[in-house]
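Please read it alongside the sequence and the coordinates.

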Amino acid sequence: MSAPIKSVLVCGSGLAYEMTLAALSLNLPGDIQITALQLGGLVNRDSFYGHLTAPSAYNFFLSLGLDEPNLILNSQTNFSFGTAYESWAGHLNWTQCFHQPFPVWDNIAMHQYAVHMKAPFSAFLINSVAGLNGRFAHPPHDKNNPLSRAEYGYVFDPDDITALLRSATTSARLVRQSGVFSKLLSKNGTHYSLELDDGTLIETDFIVDCSGYDSPLSENFELGATRIAKTNKEAVTPGISLKHIKANPMGWESVVRLQRENLHLSVGLEGSISDPDYVVGIGRKLSPWKSNYLALGHAACVVEPLTPAPMMLLQRDIERLLSLFPVSSDMTVEAKEYNRLSGNDLEHCQLFQRSMFEIKNAPKSAYWNQVTNTPAPKKLERKIEQFLSRGYVTMYDLEPFHAEDWIIQHFGLGRQPERYDIYLDQLSEKQISQRLGQLSANINSMVQKMPPGDRYVQNFRRYLEKKHGV
Amino acid sequence: MKINKICILGGGTAGWMTAAGLARKFENTDMEITLVESEQIGTVGVGEATLPHIRFFNNTLGIDEAEFMRATKATFKLGIEFCDWGRVGDRYIHPFGDYGQAINHVPFYHYWNKSRLYRNTSRLDDYSYPIIAAEMGRFRFPDKDHTKIESTFGYAYQFDSSLYARFLRSYGEDKGVTRIEGKVTDIQTDPENGHITSLRTESGCVINAELFIDCSGFRGLLIEQTLKSGYEDWSKWLPCNRAIAIPTASAGKLMPFTRATARKAGWQWRIPLQHRTGNGIVYWNEYISDDEARHVLTTHLDGEPLADPNQLYFLTGKRNLFWNKNVVAIGLSAGFLEPLESTSIYLIQEGITALLELFPDNQFRASDASEYNAKMDLYFERVRDFLLLHYVATERDDSPMWNYFRNMKLPLSLEEKIKAWQTRGHIIEYEFGAFLPPSWVAVMVGQRLLPLRYDRRVDLLSQDELTAQLEAMRLEVLSAATDTTGHAAFLQSFGAAIPMDGKG
Ligand SMILES: Cc1cc2nc3c(=O)[nH]c(=O)nc-3n(C[C@H](O)[C@H](O)[C@H](O)COP(=O)(O)OP(=O)(O)OC[C@H]3O[C@@H](n4cnc5c(N)ncnc54)[C@H](O)[C@@H]3O)c2cc1C
């Protein structure tokens, strides 16, 4: 017989752990007891979430009780228009900026104009131009302003956000305790409870495992390649409002500019970095939700943080957990739906990342060879084929990356469609180039007026301090 | 190389919608668009109820809404009323819109679902503005202010399909479409690649083209009879295979909705237009004869018949290839799903949109056709599941047809959807397809498929808060609907083709 859910145990530590706790304590009713079990002895691999969120994090953080002023005032979090890839595959440079749907002129999408003119696409993306010039400003609501089409995410230090959430999540029913995991006990293989190394038995209706990649609670992680990673911080560089990623033969390096320091991350094949912080396997659990056990965050999947995909997945999994929070001890339906959706999201993020390696004249480096040693999935082939054929963007249901993300990436990777939208033939070359020229001029003139990113965030901070009387 | 000549075979709704869509897109080019139709063969003569998507189509063509409504004697449509589906005596409206407004980002129906389990006896319908307005026979355009309850809906039309085709014909001809009247009796194909090269009419007129759009109706003259593209038969899921249509004189108040009433071996439709009412019965001939069906239909009419009954035959399913070689099938030639949710014209529209997006050059790359086919497959399949839901979400066991559905093995996609809903009111949603979560909620709740439990996020509101918020929403909907103009009066002021006196 299925019984109502009265308790949930969240165990682990770090970013996924605190985010899950915040989400549950703010969105679940008071009669469900939440136990937070901070597990000792876990390696902190939160830098593998990649230091960059997608724009949807604005609302997500709000749902965790963190509004933007709080983030800016109480952590080093900064704004970011996206990611600048440098020397990707040895020769490609582009900005993967966050953008709203592109303008449509005469029922023809803007990117088709660029296809027709074989024009460099980035000139028509305001946050790419602004980002490369180190500028930032909040996008205004006024639709006539070209900046209104820009979107932004956050660059952050995961330890910072973890601490902020920890201090903010103080709900009375949240019982915090700590311990060292000993074993997972199961009644008929269907209902799990947990034993600590001091012998304490924790019985609960539902376990959410946020203990990371080498979660002591479970196995069955389907492992792909292995990476090592190292972070370090250094004095802040003025004028960066993008995350920067630079490839090297054995991996890649990224840097984000927080408010007071730069945060570096180096990722590579084993042996490529001296003194790495950790080793991590890229992979996933095929069924993160099984019976009354759910693996979340790196305990469920590890994706290389080349794009905001890891944060997108974490966010979407937490949101999904809320909308599918079990209503009884029989969680079959919830588990099935969660695993399906979570699997789709992961697959779609992997398509986006794998696409970055589908390049002609790719380097013969060890890193590149490893990523491309299996053929691209059919769903990705279809996307690339359609774009190359006519600039058409094939989309699958509910993809985390939007059509604009794909278009920007295709262009960035040098994919030039063979054909353009034939309806453009109804316009003269002059009309087409004028449209694009006008957009580019508007963008340039707006960017001139935007302040450097570091000055913007300082001023914004001062304004918030005044407003909040800090 | 560019294509310069398109031939559309067929001048029904599909043919003229396609002609209008293409003419608009190629307005200032040297594209030659020819449409061939045969008065002798005629059109199917039905297809009067639409989905809100059609407004987007008309807008893209730049059609003036009032002019269109006058020309097609159209009425507004806020949804479909389903009678006798869950049980004999039941009724509900599937609205083009939402139920209430989300609270704390959680869809409103979850709150109602909890309150229902705690003995709130109000209908979910009471919280839906389009339903209450429809039941009161009222209409207005959606409010642009998204905070208002009057913004929470969309609308469609009910129109005379032959007038719509005529209206689009004049639109297309104005934009340069050449119309040829005649019956196509001969089709030439290229012996090398099997592409169609020309059509010849009985009177000897030859039409050459590079791209052919098959809008020839059920017969699929090009896509099937010539290219043998194959048909996926879905009659094991949707077995109704015949229909009889009959127009009647208008009767009673002019309501802004279509009605679909379940019968023992099928169902009957009622579509109110400005000048008459369209009626018909869709049935499965395994369990009822044509004569009996005609009898059931005519005994349930509420107005004087205006013409003889029109008998139609069909097989539900879809083409294996919608786009094959240089032929694209749009309309009944592409497939048929019974008109329970007015989806055929919507599918025509999706076909046109996809064709415009993937418009070929004269190389006819396989990638254009395969993308088109994949897209259309998905749209057809998703409509199929939604239609099937109406037959299986039922307690009816009063006839062999209903018993057939009770024992049916469902497509997995639908089975899982129903299970997730019944367990906890969760809708398995998708992005691409006609029907969003509120539509699924409408049919499941309306047909007594109710969740056993509710989404726990709802418990963030105390029981008192929940009761108060629901009541406030109910009153807001009621007051907004009460303040809305009557449908007939709204039509009159918007420019009806005929006087609306006596229609409410
Ligand atoms: C019972 C029933 C009810 C329906 N109700 C709805 C509804 O409420 N809402 C909705 O959206 N859809 C509805 N539909 C579907 C809708 O009627 C059709 O999708 C729509 O009318 C399009 O039809 P068509 O143009 O493809 O075919 P048709 O109307 O059959 O037109 C075919 C055209 O091809 C021409 N043609 C055929 N052969 C030749 C030839 N050899 N030479 C020259 N010309 C030729 C014919 O003359 C005609 O012009 C309904 C369908 C049925 C059967």
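A residue is called buried when its relative accessible area is under 20%, exposed when that area is over 50%, and partly exposed in between, as computed with a 1.4 Å probe on the protein chains only. The model is a predicted one, in which local features need pLDDT of at least 70 and side-chain atom pairs count only at pLDDT 80 or more, whereas totals for chains, interfaces and linings use all residues. Residues are numbered from 1 along each chain as its sequence is written, chains are lettered from A and ligands numbered from 1 in the order in which they are written, and side-chain values use heavy atoms, with hydrogens and water left out.

## Residues with positive phi

Most residues other than glycine have a negative phi.

## Helices of chain B

Helix H14 of chain B (residues 463–482) has 20 residues and spans 28 Å from its first C-alpha to its last, close to the 28 Å expected at 1.5 Å a residue. Its buried residues are B:Leu466, B:Leu470, B:Met473, B:Val477, B:Ala480 and B:Ala481. Seen down the axis of H14(B), these buried residues fall within an arc of 100°, so they line one face of the helix; the arc is that of the directions from the helix axis to the C-beta atoms. The buried residues of H14(B) pack against helix H4 (108–117) and helix H5 (129–135) of chain B.

B:Leu163 is found in helix H6 (residues 161–174) of chain B and is buried, with a relative accessible area of 13%. Leaving aside its neighbours within four places in sequence, B:Leu163 is in contact with B:Ala71, B:Thr72 and B:Lys73.

In chain A, A:Ser355 lies in helix H8 (residues 332–355) and counts as buried at 0% relative accessibility. Beyond its neighbours within four places in sequence, A:Ser355 has contacts that include A:Leu380, A:Trp406 and A:Arg415.

## Sheets of chain A

Two strands are taken to pair if DSSP finds at least two bridges between them. An open sheet of 6 strands in chain A has the order E9-E2-E1-E13-E20-E19, with mixed pairing. Strand E9 (174–179) and strand E19 (289–290) of chain A stand at the edges, each with a single partner strand, so one side of each is left without a neighbour in the sheet. Within this order, strand E1 (residues 7–12) and strand E13 (residues 206–210) of chain A pair in the parallel sense over 5 bridges, and A:Cys11 has A:Asp209 as its bridge partner in E13(A).

An open sheet of 3 strands in chain A has the order E10-E11-E12, with antiparallel pairing. Here E10 and strand E12 (201–202) of chain A stand at the edges, each with a single partner strand, so one side of each is left without a neighbour in the sheet. Strand E10 (residues 181–187) and strand E11 (residues 191–196) of chain A pair over 6 bridges, and A:Leu185 has A:Ser193 as its bridge partner in E11(A). E10(A) and E11(A) form a hairpin with 3 residues between them, and A:Asn188 in the turn has a positive phi of about 45°.

## Enclosed space

A cavity is a set of points, on a 1 Å grid over the protein atoms alone, where a 1.4 Å probe fits but cannot get out, and its lining residues have an atom within 4 Å of a point. The structure holds 6 cavities of 30 Å³ or more, and about 110 Å³ of space lies in the largest cavity, where a volume is the space filled by probe spheres set on grid points joined across faces, edges and corners. The lining of the largest cavity includes A:Ile422 and A:Asp425 together with B:Lys2, B:Phe26, B:Asp30 and B:Phe359.

Notes:
Helix = DSSP H or I, 4+ residues; strand = E, 2+ residues; numbered from the N terminus. Expected span 1.5 Å × (residues − 1). Contact = heavy atoms within 4.5 Å. 1 Å grid on protein atoms, 1.4 Å probe; cavity = no way out; pocket = protein on both sides within 12 Å on 5 of 7 lines; lining within 4 Å.
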